[in-house]
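Biologist: Please take a close look at one part of this protein for me. I will show you the model first.

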Amino acid sequence: MSYTRTDEAHGSISYHKRSRNTYTPQGGYNQRLQQSVQLNYDYEEGQSHQPQQRKVGHRRTVDYTGTVARWRHKRVVCPYSKEPGVVRPKKDYIIDVFPPSAYCDNPISSTTVKFVHSSVNKVRHPVNLVRWTPEGRRLLGASSSGEFTLWNGMSFNFETIMQAHDQAIRAGEWSHNDDWFLSGDQEGIVKYWQPNMNNVKVLAAHREAVRDLSFSPTDAKFVTASDDSTLKIWNFNEGQEERTLTGHGWDVKCVHWHPTKGLIVSGSKDNLVKLWDPRTGKCLTTLHGHKNTITRAQFQPTRGDLLATSARDQTARIFDIRMMRDIAVLRGPSCDVTTLAWHPIHHSLLATGDFNGAIHFYVLDTYQSGAAASLSSTAVSAGGSSSSQTASMAQTARSFEPVQSVPYAHESAIWSMEFHPMGHILCTGSNDKFTRFWCRARPGDSAAFKDGYHLGNENPQGSTYGADRHGHGGGH
């Protein structure tokens, strides 16, 4: 027999006399019952044990349903009002924060710089790929061990894990109709997956590692890039190779098919970015802007006029495919730029990740407005010779710095990043074996920029986020 003293939520105290095998309706036998504060009295020895306080961890949740509902309600009540309203930097205005689609003219409001959660598997491996499921409810992470890990998209807790490949997974992409997922590994194997993660086909695509792959706009074909210095276009339904694109002199590290056009871009270890015609297999043009290995190339998902590339020369570049030249240079990182991601809503916002684990955000509108002002001022001051000076300026790619950064996001290189389909969360996968989630800072949140991810190991505020910098406080 033992007596248990339980402190209730409102301070009332009750005594319960239970035997060892007494069943309680709250969840089983009393030996399985866990209480926050418990004091046991041993009447036989006349001693009492000190109360043991159990530390309760709070899991952060980012639920977008409330903001979406309020935004849709406002559009119904005020159908002629396109402005979402001004959100002041006070906590009282948190309820007035709407989804990124409500702030089409203010892309900087969708920079995801606030740390939310770190997720890691029990057996840790570098995370090579992160991809949101098409509906945004889960995140798919692929590691160097060949495993797929599914994380919840709102509470970020572990859901399931499976052995997808025998070797490290290097590439993966969802189809535009959301019905298929393709993955490629270190051995050159490409696998077809259904949304329920059922494997239906296996292709021996290349002799060496598959570094990247991408679907055509109609999902009838897809293209793969490999370390064997070639690209291959495949018929998706039949799983047959249709054409091989040759022209790179070294490993092809990235490839992307334009979301609406018959145009393919590839980046290689030979420092070149090439644009291809998938119908004929011919190279349309070669871009020579970078001075080292190309790590990522991706077309603009919203308008499709721009192409973003990153390389190991500490820069990322923006190319205009209408002029076939670079128009902007993204500077800021002091090391190699390993990956990048366009925002799915704002056509002028993109993020980059570098080898030191930092995240940088860029807004191209700042470049466009500055360039227009410079061109107009030159035309006014130069008079009759303004046309020649304007043409010379147009041939020079302007550079600008990031609008916001998270300098200590990871402790090692960021291999992959992707925005949530709604644009309010950014997920990053790193060589430090962590998958981390980032969201927009809330109004009046003074601790958003005072954690270990912004200040490093020196955290004067003693923020709780600083403890999570070394992996504590979350994940499976």
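Which strands each supply at least two residues of the lining of the second largest pocket?

Modeller: This is a predicted model, where local features need pLDDT of at least 70, side-chain atom pairs count only at pLDDT 80 or more, and totals for chains, interfaces and linings use all residues. Residues are numbered from 1 along each chain as its sequence is written, and side-chain values use heavy atoms, with hydrogens and water left out.

The strands are β8, β12, β16, β20, β24, β28 and β33. Strands here are DSSP runs of E, at least two residues, numbered from the N terminus. A pocket is an open set of points on a 1 Å grid over the protein atoms alone, where a 1.4 Å probe fits, with protein on both sides within 12 Å along at least five of seven lines; lining residues have an atom within 4 Å of a point.

The second largest pocket has 24 lining residues. Nearest its centre lie Arg211, Lys253, Thr295, Thr338 and Trp415. The lining divides into 8 nonpolar, 7 polar and 9 charged residues. Charged means Asp, Glu, Lys and Arg; nonpolar means Ala, Val, Leu, Ile, Met, Phe, Trp, Tyr, Cys and Pro; the others, Gly among them, are polar.

Now take β8, residues 127-132. Of its 6 residues, 6 are buried (under 20% relative accessible area, 1.4 Å probe, protein chains only). Its partner is β9, residues 138-143, antiparallel and joined by 5 bridges. Strands pair if DSSP finds at least two bridges between them. Valine 130 stands opposite glycine 141 in β9. The two strands form a hairpin with 5 residues between them. In that turn, glycine 136 has a positive phi of about 80 degrees.

How values were computed:
Buried means under 20% relative accessible area, exposed over 50%, partly exposed in between (1.4 Å probe, protein chains only). Helices (H or I, at least four residues) and strands (E, at least two) are DSSP runs, numbered from the N terminus.
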